[in-house]
Amino acid sequence: MLDLMVTNATLPDGRTGMSVAVQDGRITEVAAGLRAPAEETLDAGGKLLSPHFCDPHFHMDAALSYGLPRVNESGTLLEGIALWGELKPLLKAEHMIDRAIAYCDWAVARGLLAIRSHVDTSDPSLLPVEAMLEVKKRVAGYIDLQLVAFPQDGVLRSSDGVDNLKRALDLGVDIVGGIPHFERTMDEGATSVKLLCEAAARRGKLVDMHCDETDDPLSRHIETLAFQTQRLGLQGRVNGSHCTSMHSMDNYYVSKLIPLIAESGVSVVANPLINITLQGRHDTYPKRRGMTRVPELMAAGVNVAFGHDCVMDPWYGMGSGDMLEVAHMGLHVAQMTSQKGVRACFDAVTTNAAKVMHLQGYGIDKGCQASFVLLQASDAVEAIRLRANRLKVWRHGVLLAQTPEVVAALQVPGRPNDVRFQLR
Ligand code: FE2
């Protein structure tokens, strides 16, 4: 007998009336109209069953610290970095852990079961690294948490930047990060990309760099990242995060750059909520949007995903771990309003993000892990439009979270007060 059978589900690719059979945490069959005895059978009623959401770019060490020790008044990236610098000496590991665990609870309730978090390695104490390694251990039963060694203050800007980053990797941090646009000069930025990619190649690690998170159109570290990726044979193992300078670059240069990125197999993660908030801050009017060129990169065959980046921290006071909110903002900023565009934004927080993260067994297919979400929506487009309720969240076939279906009951004078309907 099967453990779980979900029937009459709609899948993100548009197939309807689909049954998904689960045994021992894995999907054993996906077929239309399939029926078989199971410990639990759930009729999805035509609603959307999606693989779980993935956040390929986050900062869990700073999450939920909003207001500590003060609020970012200008709202800029640079005041955020300065504010984080003020907060760091005040941080206590147990408080960081508590905040991160609280965030992970929010994430699970939202069907977000895989998160790649950058962890600040700038301080020689490596306190955030030790705290996040502990969080990774504690949440391992319900969230796949990947950690990136992130030299927030610039790996070459301080004399012990490289050493601290390497020590973080030695302690068990998974991925090599970087921040070339924050190094002192363009040359130093390029040098940092080279040495960090070489370190990753030596250690067999993936690379995920904050790359060109600036409105400066001459910030071209993504070009160096693509070049070093090819030189070192790291194709498919490197991600460029943010890449916001591409928004402001000369079109002729971009016509050369995007094919170069595609050829190198470097993926790109945009962070719509943060890019639209932090970029363009030096502009008067018109103000640039600042998000990288998502549809153009996708059209060239580059794997593009969306990240949440921040939730209630020195850079961003909003957010709730909802990747549908991220996709919703992404499609607005990128003007991806066609049906195909909206579906691509759904992919950006599911399948594309899983690919960036190298997740194994991801998807709703035979043999994949039974880690999926039932949404109160008829398809992926409606899920984004409504930021739909996550009715049930399973991981490896185990139900982790559930939320009652929202049905509105009218109390309007002149209307019958027994009218109940689903919000559409
Ligand atoms: Fe970031």
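Predicted model: local features only at pLDDT ≥ 70, side-chain atom pairs only at ≥ 80, totals over all residues.
Residues are numbered from 1 along each chain as its sequence is written, and side-chain values use heavy atoms, with hydrogens and water left out.

**The two domains**

The protein chain is assigned domain 1 (2-52 + 363-409) and domain 2 (53-356); such bounds come from an automatic or database domain assignment. Their C-alpha centres sit 30 Å apart. Across the boundary, 21 residues of domain 1 are in contact with 26 residues of domain 2, where contact means heavy atoms within 4.5 Å. About 1900 Å² is buried between the two domains, and 67% of that is on carbon and sulfur atoms. Buried area here is the accessible area (1.4 Å probe) that two parts lose on being put together, summed over both.

A salt bridge needs a side-chain nitrogen of Lys or Arg within 4 Å of a carboxyl oxygen of Asp or Glu. Arginine 390 pairs up this way with aspartate 322, with the closest N and O atoms 2.8 Å apart.

Which elements make up the side of domain 1 that touches domain 2? β5 (48-51), β14 (372-375), α14 (380-386), β15 (390-395) and β16 (398-402) each supply at least two residues, and α14 gives the most, with five residues. Helices (H or I, at least four residues) and strands (E, at least two) are DSSP runs, numbered from the N terminus.

In α6 (residues 221-231), the buried residues are His221, Ile222, Thr224, Leu225, Ala226, Gln228 and Thr229. Buried means under 20% relative accessible area, exposed over 50%, and partly exposed in between (1.4 Å probe, protein chains only). Those α6 residues pack against α5 (186-203), β10 (207-211), β11 (238-242) and α8 (251-264). Just past α6, glycine 233 has a positive phi of about 70°.

Asparagine 164 belongs to helix α4 (residues 161-171) and counts as buried because its relative accessibility is 1%. Its side chain reaches the backbone oxygen of serine 122 at 3.0 Å. Leaving aside residues up to four places away in sequence, asparagine 164 touches Thr121, Ser122, Asp123, Pro124 and Leu126.

Most residues other than glycine have a negative phi, and most peptide bonds are trans. Here are some exceptions.

| Site | Feature | Value |
|---|---|---|
| Leucine 68 and proline 69 | cis peptide bond | omega about -15° |
| Tyrosine 285 and proline 286 | cis peptide bond | omega about 0° |
| Leucine 126 | positive phi | near 55° |
| Histidine 396 | positive phi | near 50° |

Proline 69 lies in the loop between β6 (53-58) and α1 (77-87), while proline 286 is in the loop between α9 (272-278) and α10 (294-299). Leucine 126 is found in the loop between β7 (112-120) and α3 (127-139). Is leucine 126 buried or exposed? At 1% relative accessibility, leucine 126 counts as buried. Histidine 396, in the loop between β15 and β16, counts as partly exposed at 31% relative accessibility.

Terms used:
Polar contact = N/O pair within 3.5 Å; in protein donor to acceptor, adjacent residues only side chain to side chain.
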